Amino acid sequence: MPNLTTKIAYVPDADKEARLKEIIADYKDVQGGTMAVMQQAQDIFGYLPEEVQIMIADGLGIPLEEVYGIATFYSLFNLSPKGLYNVSVCLGTACYVKGSDKVLKKIEEKLGCTSGSVSADGRFSVDSIRCVGACGLAPVMMVGDDVYGRMTPDMVDEILDKYM
């Protein structure tokens, strides 16, 4: 059985780090520029690992706790790498009542990774989310921007096979 808690370590990249340093320099004296730096850093690295957060905090001369606080407060920031395809399952009330937890369990079994992690091959990341605003289609699963409604665990294999 695959490892259900695959964690990908940060790999230093001199080119990416140099780009980040340029961005930090551009925003060093800009009031409220932290989020802009963090957004651009995530665009460069794909996520905000601790090492990147430290570079941002040191470069902007702010506490690491401030960067981490922003990264964990706003859902647009990722603290772990994402796969080529991000699979999300809504666990909001309407979806949960209609069995989205069972859909999520089937996805985790098929991909060999738990919610909040990435498959061993790096192809898929799995996340549970709260209300996607499609309660009439409950339960809902998304692969990237593709929305799949009225999901059952039996539908998971066929849908994910399209992205394999």
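Residues are classed as buried under 20% relative accessible area, as exposed over 50%, and as partly exposed in between (1.4 Å probe, protein chains only). The model is predicted: local features need pLDDT of at least 70, side-chain atom pairs count only at pLDDT 80 or more, and totals for chains, interfaces and linings use all residues. Residues are numbered from 1 along each chain as its sequence is written, and side-chain values use heavy atoms, with hydrogens and water left out.

The chain holds seven helices and five strands. Both are DSSP runs numbered from the N terminus: helices are H or I with at least four residues, strands are E with at least two. From the N terminus, the order is α-α-α-α-β-α-α-β-β-β-β-α. Along the principal axes, the C-alpha atoms fill a box of roughly 55 × 35 × 25 Å. Of the 164 residues, 41% are buried. The accessible surface is about 9,200 Å², and carbon and sulfur atoms account for 52% of it. These areas come from the Shrake-Rupley method with a 1.4 Å probe; for residues, only the protein chains shown count as cover. Contact means heavy atoms within 4.5 Å. Among contacts between residues at least 6 apart in sequence, 62% join residues at least 24 apart.

Helix α7 spans residues 153-161, and its buried residues are Val156, Ile159 and Leu160. Seen down the helix axis, these residues fall within an arc of 90°, so they line one face of α7. The arc is taken from the directions from the helix axis to the C-beta atoms. Asp154 and Glu158 are exposed on the other side of α7. An α-helix has 3.6 residues a turn, so residues three or four places apart point the same way. The cover over the buried residues of α7 includes β1 (85-90), α6 (100-111), β3 (124-129), β4 (141-143) and β5 (146-148).

Glutamate 17 is found in helix α1 (residues 14-27). Its relative accessibility is 18%, so glutamate 17 counts as buried. Beyond its neighbours within four places in sequence, glutamate 17 is in contact with Tyr10, Pro12, Phe45 and Met55.

The largest pocket has about 300 Å³ of space. Its lining has 14 residues, and Ser75, Leu76, Phe77, Asn78 and Lys82 are the closest to the pocket centre. A pocket here is an open set of points on a 1 Å grid over the protein atoms alone, where a 1.4 Å probe fits, with protein on both sides within 12 Å along at least five of seven lines; lining residues have an atom within 4 Å of a point. Helix α4 (64-73) and strand β3 each supply at least two lining residues. By class, the lining has seven nonpolar, five polar and two charged residues.

Backbone geometry was also examined. Most residues other than glycine have a negative phi, and most peptide bonds are trans. Alanine 138 and proline 139 are joined by a cis peptide bond, with omega about -5°. Proline 139 sits in the loop between β3 and β4. Cysteine 131 lies in the loop between β3 and β4. Cysteine 131 is not a glycine, yet its phi is positive, about 30°. With 49% relative accessibility, cysteine 131 counts as partly exposed. Arginine 150, in the loop between β5 and α7, has a positive phi near 50°. Arginine 150 is exposed, with a relative accessible area of 53%.

Definitions and conventions: Points joined across faces, edges and corners; volume = space filled by probe spheres on them. Nonpolar A, V, L, I, M, F, W, Y, C, P; charged D, E, K, R; others polar.
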